[in-house]
Amino acid sequence: MTDRCNFRCTYCMPFDHYDWINKREILTYEEICRVVRLAAPLGVRKIRLTGGEPLLRRDLPDLVRQLSHIPGIEDIALTTNGSRLGDMAGALRSAGLNRINVSIDSLDPERFTHITKRGDLDNVLKGLFAAREAGLDPIKINAVIERGVNEDDVLPLVEFGREHGFVMRFIEYMDVGTANAWRLERTVPKAEILERIGARYPLDTLGRGDGNAPAVDFAFRDGKGTVGIVASVTEPFCGTCSRGRLTADGRFVTCLFSRTGHDLKARLRSDAGDDETGRWLEAIWTGRTDRFSADRLNAIQSPDGYDPGEHDKIEMITLGG
């Protein structure tokens, strides 16, 4: 969608300034829709719009409307920081958006601003409730839990979700890209997050949605909703991952931790036909061998350990979550 974002979250975009992708190199809505039309016959049924911050793209409801009319596409979701959601939730829902994930790493206003550097919690919460009023469902809250930063926000976020009917999804702090200077000791593992939640609210395991979702879901035993945990670091799920990614500048990527991608934009802007490009996409997907998270865990557990500095990866702002 875009590499631009109006926040500077410490785990994703810790720097104040970036060299943005030239707008001519970012895929147009027509190009994005063409890719989806090619992917649908290959089995793609769900589309997620991410960034950067996707709500910074002009006329985003127009893209959602176009995507919703592509045969085979059954579900359109959006991941956002929520800063512009209050003004756009209704239009997005009317255009065909089904569900939404909003990133909220803390309910403490000062800590929220510390993490995001530029974010205003009240504005994001207004957007969250505007999304509910517009009829988006489910609404999930994503929280990256980082040691020494916000691990004591786990229970307040759980209680907020239970009170208002939102689904919490906790995400282990990962070495996505290279900018966040990731260190293993700053990752709060899934087991610890579960222990914190379960000590107050007993849980029953539900498993992964559709068998291949990134989050393992748990139901509150008292019946008040569910919570999910994405444990890419401590419990890799490479073997069931079914997510391909399209970067803002038109690379087709088969793993969140890829060093590079396949130049799809060059084909879109050449005389390559749909049949040829569709076969090219299918060959890349069926031939993929990505197992980065599993390899990382093996390295972590080895005598030599894991050095994230040895692995260049596409930054999250270009790749999307």
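I take buried as under 20% relative accessible area, exposed as over 50% and partly exposed as in between, with a 1.4 Å probe and protein chains only.

I am working on a predicted model, in which local features need pLDDT of at least 70, side-chain atom pairs count only at pLDDT 80 or more, and totals for chains, interfaces and linings use all residues. Residues are numbered from 1 along each chain as its sequence is written, and side-chain values use heavy atoms, with hydrogens and water left out.

Entry 1, total. I looked up the salt bridges (a side-chain nitrogen of Lys or Arg within 4 Å of a carboxyl oxygen of Asp or Glu). The structure holds 22 of them.

Glu185 is exposed at 51% relative accessibility, and Arg183 is partly exposed at 41%.

Asp152 sits in the loop between β4 (139-145) and α6 (154-164) and Arg111 in helix α4 (residues 109-116), so the pair ties together parts 41 residues apart in sequence. For helices (H or I, at least four residues) and strands (E, at least two) I use DSSP runs, numbered from the N terminus. Asp152 is partly exposed at 47%, and Arg111 is partly exposed at 24%. I also note a network of salt bridges that links Arg111, Asp152 and Asp153.

Lys313 lies in the loop between α10 (292-300) and α11 (316-319), and Asp175 in the loop between β5 (167-172) and α7 (190-200), 138 residues apart. Lys313 is buried at 7% relative accessibility, and Asp175 is buried at 1%.
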